Amino acid sequence: MQAKKRYFILLSAGSCLALLFYFGGLQFRASRSHSRREEHSGRNGLHHPSPDHFWPRFPDALRPFVPWDQLENEDSSVHISPRQKRDANSSIYKGKKCRMESCFDFTLCKKNGFKVYVYPQQKGEKIAESYQNILAAIEGSRFYTSDPSQACLFVLSLDTLDRDQLSPQYVHNLRSKVQSLHLWNNGRNHLIFNLYSGTWPDYTEDVGFDIGQAMLAKASISTENFRPNFDVSIPLFSKDHPRTGGERGFLKFNTIPPLRKYMLVFKGKRYLTGIGSDTRNALYHVHNGEDVVLLTTCKHGKDWQKHKDSRCDRDNTEYEKYDYREMLHNATFCLVPRGRRLGSFRFLEALQIPSTIRSIHQDKILALRQQTQFLWEAYFSSVEKIVLTTLEIIQDRIFKHISRNSLIWNKHPGGLFVLPQYSSYLGDFPYYYANLGLKPPSKFTAVIHAVTPLVSQSQPVLKLLVAAAKSQYCAQIIVLWNCDKPLPAKHRWPATAVPVIVIEGESKVMSSRFLPYDNIVTDAVLSLDEDTVLSTTEVDFAFTVWQSFPERIVGYPARSHFWDNSKERWGYTSKWTNDYSMVLTGAAIYHKYYHYLYTHYLPASLKNMVDQLANCEDILMNFLVSAVTKLPPIKVTQKKQYKETMMGQTSRASRWADPDHFAQRQSCMNTFASWFGYMPLIHSQMRLDPVLFKDQVSILRKKYRDIERL
């Protein structure tokens with residue numbers, strides 16, 4: 001008995017000693033690391049003692065990303081042999097050490113802004129459809145210039161997407177063709193797009209020619225060859241990926257709990273030999289055929305049977321039992337293992353169908369699922385978005401002082417719709433009030449679009465000006481004089497308690513009503529047509545509604561769109577129904593940022609169309625705002641007095657009576673939808689009325705009692 005007791009005590013002491021060494025070692029290493037941090041901060045004159053520096057620091061389950069060229073500063077580098085370091089630091093690109101500061105000429109951009117030039121296509125050169133889509137996206141963007149002397153960035157017309165020598169899309173003699181370009185300049189200020197590089201059996205990342213100092217926008221790029229803050233990593237996309245628009249994500253409802261039939265799924269090829277075979281060959285260890293379904297097939301290539309192993313028949317049979325789309329739709333997590341190349345189509349496929357393998361808690365799963373939908377729709381759902389995201393990233397690197405932060409990139413509406421040239425302060429955009437704890441603006445600027453001469457003091461434009469000026473929320477009124485007649489004398493305008501500024505439009509075109517005038521000093525804009533009939537009460541109510549929805553268009557006259565099956569095109573209707581998708585800017589409130597976005601984001605072709613027709617500018621603004629917000633506008637108080645025929649003597653009324661005017665609006669709808677790549681307008685049946693509207697209570701209790709008289 002005593003022997004057993006002594007043995008037990010000895011065993012306990014040994015265990016305690018082992019634990020002491022274990023935790024003591026961790027603490028020692030943590031202290032050593034902490035000392036290094038203190039030493040580093042001391043050099044910079046900073047001293048931030050940590051309150052928990054005596055406690056061991058356990059490794060985080062989700063380690064932050066560290067660029068490959070910083071790995072040698074980590075403790076883990078001591079386990080890498082000198083030869084491994086040399087191999088890791090060797091690159092197939094001669095400009096391996098290129099960074100923006102060393103291999104990019106900033107002067108071209110500072111002189112003319114961020115403009116992108118695409119080389120003219122040479123006769124006889126074959127270009128795959130995917131690369132044509134990339135070039136079309138650039139040429140249709142606001143960055144494009146046809147003048148190389150104005151360019152900051154250059155893109156080859158030679159197809160560089162598929163650099164696999166066994167591919168039918170492979171372009172031969174690319175090395176000599178690139179070197180012969182007179183603007184090449186060793187690749188300086190050039191951007192090269194690439195999806196595939198190398199070939200069987202080792203699939204290197206060699207694109208087949210010396211890229212020099214050019215930047216790469218490349219899929220399946222390894223950390224060894226990726227040049228941080230210089231190259232751009234893009235997802236691998238198929239030839240069927242939409243050029244513009246793209247489908248929305250498949251997350252239709254926020255199902256609670258977010259767990260689905262399968263916990264983890266994958267279905268794809270299993271490589272029996274060569275590079276990439278180890279990763280997918282190991283998946284069968286995790287597959288259980290119930291909630292974890294990881295399926296691989298050996299059936300690919302002409303000679304797969306020569307290399308088949310003992311598991312192939314069983315794997316092939318199991319593979320055929322499951323439908324690929326059904327699995328993805330009903331999975332909580334989607335696995336994206338590497339194949340022959342580092343990238344996989346399944347990245348985009350899994351992103352469209354919300355997935356993540358980095359979370360456990362159900363609330364986190366739902367949050368990340370929503371985030372994947374945002375990322376998919378903002379940056380990846382079309383070739384155009386992938387290309388524009390690449391260009392915006394490069395632009396941020398060039399103009400660092402106005403570059404977008406992580407909040408803008410990772411929060412709705414995303415980096416493509418938040419232009420840093422407008423402002424570097426997030427509070428100047430309507431999307432971040434809640435994040436910054438800001439209240440919506442308390443004042444608005446009324447902008448009245450005038451196109452007819454002022455011949456009488458009883459004209460509606462003067463009554464409208466007085467009604468808007470009496471609003472308690474009105475800061476100023478701007479009259480945009482787009483009439484061919486000379487400006488009226490100053491005494492012709494009524495006296496008001498707020499400033500009235502008259503601006504004579506230089507070009508007198510429809511798009512000028514949405515220019516970002518410096519005279520607009522408030523964030524909120526009340527946009528008005530000269531023949532609009534609104535009371536002060538209606539103006540006040542609409543503005544209070546807008547304060548709750550500052551990112552949307554809020555107003556009175558509503559219209560709707562529909563799909564005409566007989567004509568296979570979009571239709572436009574002005575019928576009074578409970579359903580609408582547009583609020584016309586003849587009587588609407590919105591954030592002034594949309595003036596900037598309309599002017600600088602939309603292509604000149606659409607704005608020129610509006611100006612030539614003298615029509616559809618209100619429809620185009622609705623398309624833009626709905627595309628940004630992914631939400632419908634908001635209609636306030638059904639105002640049946642607002643009829644386009646109520647002004648019998650105005651040029652506007654004559655346009656509405658013209659049947660060609662309505663036909664033009666039908667045509668505009670389809671042209672706009674074609675450019676956006678989809679129909680961004682969203683139907684709504686919500687209408688906001690004042691509290692106690694038409695209730696049988698004392699008139700003194702009603703805040704907007706004039707509205708009841710409509």
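Which residues make the nonpolar surface patch of about 250 Å²? In this predicted model, the patch is made by Tyr425, Leu436 and Leu438. Leu438 lies in the loop that runs between helix H15 and strand E11, the latter spanning residues 444-450, and with a relative accessibility of 32% this leucine counts as partly exposed. Helix H15 itself comprises residues 433-436.

Taken as a whole, the protein contains 22 helices and 21 strands.

Among the helices, H12 (residues 362-380) and H13 (residues 383-398) have axes that come within 7 Å and cross at roughly 85°. Because angles of 65 to 115 degrees count as roughly perpendicular, H12 and H13 are assigned to that class. The contact between the two helices is made on the H12 side by Glu377, Ala378, Tyr379 and Phe380, and on the H13 side by Lys385, Ile386 and Thr389.

Helix H16, which covers residues 460-469, is mostly covered, with 7 of its 10 residues buried. The buried residues of H16 are Val461, Leu462, Leu464, Leu465, Ala467, Ala468 and Ala469. The elements that cover them include strand E11 together with strands E12 (474-481), E13 (500-504) and E14 (524-529), and also helix H17 (536-546). Strand E11, which contributes to this cover, is also the strand at the end of the loop that holds Leu438.

Several backbone features were identified in loops. Most residues other than glycine have a negative phi, and most peptide bonds are trans. Against this background, the peptide bond that joins His412 and Pro413 is cis, with omega at about 10°; Pro413 is situated in the loop between helix H14 (406-410) and helix H15 (433-436). A positive phi, near 65°, is found at Asn189, a residue of the loop between helix H6 (174-179) and strand E4 (190-194). With a relative accessible area of 1%, Asn189 falls under the 20% limit and is therefore buried. Lys630 likewise has a positive phi, here near 60°, and is placed in the loop between helix H20 (617-629) and strand E20 (634-636).

A further loop position is Gly113, located between helix H4 (107-112) and strand E1 (116-118). Its relative accessible area of 23% makes Gly113 partly exposed, a class that lies between the limits of 20% and 50%. The C-alpha atom of Gly113 is separated by 8.4 Å from that of Gln150, although the two residues are 37 apart along the chain. Once neighbours within four places in sequence are left aside, Gly113 is in contact with Leu108, Cys152 and Phe399.

Methods
Residues numbered from 1 in each chain as written. Predicted model: local features only at pLDDT ≥ 70, side-chain atom pairs only at ≥ 80, totals over all residues. Heavy atoms only, no water. Helix = DSSP H or I, 4+ residues; strand = E, 2+ residues; numbered from the N terminus. Buried < 20%, exposed > 50% of the residue type's maximum accessible area, 1.4 Å probe, protein only. Patch = residues over 30% accessible without salt bridge, like charges linked within 9 Å, V, L, I, M, F, W, Y side chains within 5 Å. Areas by Shrake-Rupley, 256 points an atom, 1.4 Å probe, with all protein chains shown as cover. Salt bridge = Lys/Arg side-chain N within 4 Å of Asp/Glu carboxyl O. Axes fitted to C-alpha atoms, helices over the stretch in contact; angles between N-to-C directions. Parallel < 35°, antiparallel > 145°, perpendicular 65-115°, else oblique. Contact = heavy atoms within 4.5 Å.
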